[in-house]
Amino acid sequence: MNPTEENLSKPKVTVRFFNSNDSEDFVRLKEIVESPNVKKWMADLRGMGPRHYRDWMDESGQYNYYTFAVVLADPAHPLYNKPQGFIYIYPSDLERGTLEVSFAKHPGAPSGLIKPALRVALLKVAEYYAKKTGRTNPPLKVIAEIEPDNEPSRRVVWGAGFEEDEEYEEDNDIYVLNWERLKEIMRIDGQL
């Protein structure tokens, strides 16, 4: 199956910011964070309370923190606009001036949504960055830190244009976004 045929069988996906005043957004984010897979891979999200969730949901670009809800874009779909996952883009602790990504899907969400949503979120952050700074080149550096045995996340970042980087001396694997590769993947997949 070529990428275009594959795209026709998948629900259309996009991202939007969470609304901290929307109870459904709150509940769905909480369900995502408290799911077994997220607890397994994202230890720093353990122990979040209602205030933490609301603060996190309000991150929409201030100080380069972005919390996106992954949503289905088809109004005819029964899950339209309900968060199916999250994509979190934030300043990295590994390298000054670099952003890092984390992501997870809702336990009941259809498969295959995070990868295309991550692509869209990355382009949105690049647009926000360009508007804020007036700079488009060199592209913003974005990384993903993936534990060695987390194969699903490895597939997501690879399919969103990231490439493994051997320069970092970390216990986890570090992937760096290749902006040209991201755009080419999006063109092939019909997202651009």
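Which way does H5 pass H6 in their crossing, right-handed or left-handed? Let's work through that and a few more exercises. This is a predicted model, where local features need pLDDT of at least 70, side-chain atom pairs count only at pLDDT 80 or more, and totals for chains, interfaces and linings use all residues. Residues are numbered from 1 along each chain as its sequence is written, and side-chain values use heavy atoms, with hydrogens and water left out.

**Exercise 1. Describe how H5 packs on H6.**

Step 1: get the geometry. Two packed helices are described by the angle between their axes and the distance between the axes. For H5 and H6 the angle is about 45° and the axes are 9 Å apart. (Axes are lines fitted to C-alpha atoms, for helices over the stretch in contact, and angles run from 0 to 180 degrees between N-to-C directions. Helices are DSSP runs of H or I with at least four residues, strands are E runs of at least two, and both are numbered from the N terminus.)

Step 2: name the arrangement. H5 and H6 are therefore oblique to each other. (Under 35 degrees is roughly parallel, over 145 roughly antiparallel, 65 to 115 roughly perpendicular, and the rest oblique.)

Step 3: H5 passes H6 in a right-handed crossing. (Left-handed is when the near helix is turned anticlockwise from the far one by less than a right angle; right-handed is when it is turned clockwise.)

Step 4: find the residues. On the H5 side, Ile114, Lys115, Leu118 and Arg119 meet Arg155, Val156 and Gly159 of H6. (Contact means heavy atoms within 4.5 Å.) Sorted by class, that's three nonpolar, one polar and three charged residues. (Ala, Val, Leu, Ile, Met, Phe, Trp, Tyr, Cys and Pro count as nonpolar, Asp, Glu, Lys and Arg as charged, and the others, Gly among them, as polar.)

**Exercise 2. Describe the packing of H2 and H4.**

Step 1: H2 (residues 23–33) and H4 (residues 50–57) pack at about 105°, axes 11 Å apart. They are therefore roughly perpendicular to each other.

Step 2: the H2 residues in contact are Asp25, Phe26, Leu29, Lys30 and Val33, facing Pro50, Tyr53, Arg54, Trp56 and Met57 of H4. By class there are seven nonpolar, no polar and three charged residues.

**Exercise 3. Work out what lines the largest pocket.**

Step 1: its space comes to about 1300 Å³.

Step 2: of its 44 lining residues, Trp41, Met42, Phe103, Ala104 and Ser153 are the closest to the centre.

Step 3: S4 (99–105) is among the elements that supply at least two lining residues, and S4 gives the largest share, six residues. The whole lining splits into 23 nonpolar, 10 polar and 11 charged.

(A pocket, on a 1 Å grid over the protein atoms alone, is an open set of points where a 1.4 Å probe fits, with protein on both sides within 12 Å along at least five of seven lines; lining residues have an atom within 4 Å of a point. Grid points are joined across faces, edges and corners, and a volume is the space filled by probe spheres set on the points.)
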